[in-house]
Amino acid sequence: MSKDNVTSIKETKKTQCFSYEVNMLVHIIADDETTAKAQLDEKGGIVTKRDVKLVNTTVLYGEDKDK
């Protein structure tokens with residue numbers, strides 16, 4: 001096979017999945033707990049504290065050039 005017939009493979013950018021554990025304190029202003037829960041599920045609330053911890057990183061696609 002001659003060099004002219006060789007198709008180079010396109011280099012792919014590494015794509016990763018980052019998994020985080022997130023603990024939050026959220027405030028909801030509502031008349032009762034049922035309404036507060038519905039509002040939290042639909043719209044969210046006021047976040048006053050957020051702790052984030054990286055749990056795992058995995059390469060999904062492409063090459064990990066560090067290895």
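Trainee: Is Phe 18 buried, exposed or partly exposed?
Mentor: Phe 18 counts as partly exposed, at 43% relative accessibility. Buried means under 20% relative accessible area and exposed over 50%, with partly exposed in between (1.4 Å probe, protein chains only). Keep in mind that this is a predicted model: local features need pLDDT of at least 70, side-chain atom pairs count only at pLDDT 80 or more, and totals for chains, interfaces and linings use all residues. Residues are numbered from 1 along each chain as its sequence is written, and side-chain values use heavy atoms, leaving out hydrogens and water.

Trainee: Which element holds Phe 18?
Mentor: Strand E1. Strands (E, at least two residues) and helices (H or I, at least four) are DSSP runs, numbered from the N terminus.

Trainee: New topic: how many salt bridges does a search of the whole structure find?
Mentor: One. Asp 41 pairs with Lys 37, and their closest N and O atoms are 2.9 Å apart. The term means a side-chain nitrogen of Lys or Arg within 4 Å of a carboxyl oxygen of Asp or Glu.

Trainee: Where do Asp 41 and Lys 37 sit?
Mentor: Both are in helix H1 (residues 33-42), four residues apart, so about one helical turn separates them. Asp 41 is exposed at 54% relative accessible area, while Lys 37 is partly exposed at 46%.

Trainee: And what follows H1?
Mentor: Gly 44, with a positive phi near 90°.
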